[in-house]
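Visitor: I'm new to reading protein structures. Could you walk me through this one?

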Amino acid sequence: MYNINEINGGELESKLSQNNTIYVVDVREDDEVAQGMIPGAVHIPLQKIPESINHLPEDRELVIVCRVGMRSMNACLFLKQYGFEHVSNLSDGMLGWTGEIVV
């Protein structure tokens with residue numbers, strides 16, 4: 001089993017304000033993303049993560065986001081299996097995100 005780092009919305013908001021190298025990946029479905037995303041996040045629905053793996057930067061910290069933190073945890077586990085070292089799960093998902101969103 002892989003140890004997945006978890007951060008909450010407040011921690012991510014703070015990190016993003018200090019560090020522009022974090023790569024946020026939103027794995028929600030299109031209709032969920034249409035309600036708003038974290039600014040700068042890249043939308044890759046969960047089922048498309050396997051085919052998108054070669055487009056993700058292995059040299060940056062990845063933070064994976066979904067609605068409540070379960071799908072993103074699955075994506076984190078998948079990415080760890082494929083050698084991604086710096087992967088974090090947004091533990092409270094978009095429900096815990098109080099920062100800015102873009103539509």
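Guide: Let's start with a term: buried means under 20% relative accessible area, exposed means over 50%, and partly exposed is in between (1.4 Å probe, protein chains only). This is a predicted model, where local features need pLDDT of at least 70 and side-chain atom pairs count only at pLDDT 80 or more, while totals for chains, interfaces and linings use all residues. Residues are numbered from 1 along each chain as its sequence is written, and side-chain values use heavy atoms, with hydrogens and water left out.

Visitor: Is Asp-26 buried or exposed?

Guide: Asp-26 has a relative accessible area of 1%. The cut-off for burial is under 20%. So Asp-26 is buried.

Visitor: And which residue meets Asp-26 in a salt bridge?

Guide: Side chains of opposite charge can pair when their charged atoms come close. A salt bridge here is a side-chain nitrogen of Lys or Arg within 4 Å of a carboxyl oxygen of Asp or Glu. With 2.7 Å from N to O, the partner of Asp-26 is Arg-28.

Visitor: How many salt bridges does a search of the whole structure find?

Guide: Besides Asp-26 with Arg-28, Lys-15 forms one with Glu-61, with the closest N and O atoms 3.0 Å apart. Arg-71 forms one with Glu-32, at 2.8 Å. The search of the whole structure finds 3.

Visitor: How many residues apart in sequence are the parts that Lys-15 and Glu-61 tie together?

Guide: Helices (H or I, at least four residues) and strands (E, at least two) are DSSP runs, numbered from the N terminus. Lys-15 lies in helix H1 (residues 9–18), and Glu-61 is in the loop between helix H3 (49–52) and E4, so the pair ties together parts whose separation in sequence is 46 residues.

Visitor: What is the order of the strands in the sheet?

Guide: Strands of a sheet pair through backbone hydrogen bonds, either parallel or antiparallel. In this structure, two strands pair if DSSP finds at least two bridges between them. E1 (residues 5–7) is joined to E5 by 3 bridges, and E4 (residues 62–65) is joined to E5 by 3 bridges as well. The open sheet has 5 strands with parallel pairing, in the order E1-E5-E4-E2-E3.

Visitor: Which strands stand at the edges?

Guide: Look for strands with a single partner strand, so that one side is left without a neighbour in the sheet. Strand E2 (residues 23–26) is joined to E3 by 2 bridges, and Asp-26 stands opposite His-43 in E3. The edge strands are E1 and E3 (42–43).

Visitor: Which residues of E5 are buried on each side?

Guide: In a regular strand the side chains alternate between the two faces of the sheet. Both faces of E5 (residues 87–90) are covered.

Visitor: Which residue's backbone nitrogen does the side chain of Asn-89 reach?

Guide: Asn-89 is at 0% relative accessibility, so this residue counts as buried. A polar contact is a pair of N or O atoms within 3.5 Å; within protein, one must be able to donate a hydrogen and the other to accept it, and residues adjacent in sequence count only if both atoms are side-chain atoms. At 3.4 Å, the side chain of Asn-89 reaches the backbone nitrogen of Met-73.
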